[in-house]
Each structure stands twice: as structure tokens, then as C-alpha cells.
Amino acid sequence: LAARLGRRPRVLELGAGVGLVGIGLARLGVADVVVTDPAIATAFETGDGAAATTLDWLAANVELNEPLAGSCAAEKLVWGEDAAPGAFDLVVGADLLYESSQYAALAQTLADAAPADAVLAYLRRVRGEDRFLDRVGADFDVELSPLALAAGARDGVVAHLWRR
């Protein structure tokens, strides 16, 4: 992607959690990344005793991994509600399809992240993931590849979503 663009791609990670994928891309210097999470309240506290959200922990992980070869920033993004924080060349996500009630919001967020293609990796859990893929099929060509996992693990899938 970088060779085609002539620069590091701008990557948006959805539902980043601890930021493993996005921070990893930034550490390798292969992308400038914005990692996102919806800032859900947690039962954990910060070092000063204050309550922390998932976004607080994500931002702390970005800071703990500096300096990075690429750039990385943590931003709040609620699927289906918030606009993507900028223009991106690629959207990535890991393990986003475990909650089928979020499929419509996730599909809307992906559609709104134009002109980016997307790569999503997930485990088949509810066998309803095909409903999500049907939904995004209006905006993307979908290509599925098996994801190699440890022996005995659930079926892993990588979904490549190519913008039409």
C-alpha cells in the first residue's frame, strides 16, 4: 500500500481495545495510525485512583510504546454515531464481530470511512458473521481467507473488504 501511495498509509483501527494491531503497525513504521475505542467505563482505576475508560487505557498503551517509527493517536469513536477522525487509506480491526447487535453500526462506520478498504480478522463464534458480510456487500467486494490458529482453536477468518 505504501508503494502505491508513495507514503506511509493512514490507518484507522476500529475497536482497538489495547491497541495491539495499530500500535504494532506504528512501531514497525509501516503506517500512521489512529486507534479508536468507544470510551466505555471500566472497573479499573488509574494510578491516582480515578476511574478509567477503555479509551484511557488505550491512550496509555500508545504512550507506553513511544517513541514509534510511525505516528499513533488514540481517539474516541462510537460505531454508527461518530465520524471517522480524518481520511484513511485502510481500516483494520481484530475480533470485532462477536456482538451481532453491533453489526449495523460497524457496517455504517466502515461505509463512512471512504475511500478506505478494510481488513478484519475474527473468530467464527455465532455463525451470524455472514449477516454482517452481506450487509457490507453493498459497499465492498468481500474476500475471505482462513486465519491459521493454534490447534483446537475456533475457525479464524480474515475478511478483505475492497471498496467498490
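Biologist: Why is A39 called partly exposed?

Modeller: Its relative accessible area is 24%. Buried means under 20%, exposed means over 50%, and partly exposed is in between, with a 1.4 Å probe and protein chains only. A39 is therefore partly exposed. This is a predicted model, in which local features need pLDDT of at least 70, side-chain atom pairs count only at 80 or more, and totals for chains, interfaces and linings use all residues. Residues are numbered from 1 along each chain as its sequence is written, and side-chain values use heavy atoms, without hydrogens and water.

Biologist: What is the phi of A39, and where does A39 lie?

Modeller: A39 has a positive phi of about 65°, although it is not a glycine. A39 sits in the loop between strand 2 (32-37) and strand 3 (41-45); strands are DSSP runs of E, at least two residues, and helices are runs of H or I, at least four, numbered from the N terminus.

Biologist: What makes D95 buried, exposed or partly exposed?

Modeller: D95 has a relative accessible area of 31%, so the cut-offs already given make D95 partly exposed. D95 also has a positive phi, about 60°, without being a glycine. The loop that holds D95 runs between strand 6 (90-94) and helix 4 (103-112).

Biologist: Which peptide bond is cis?

Modeller: The bond from E66 to P67 is cis, with omega near 5°. P67 belongs to the loop between helix 3 (54-64) and strand 5 (72-76).
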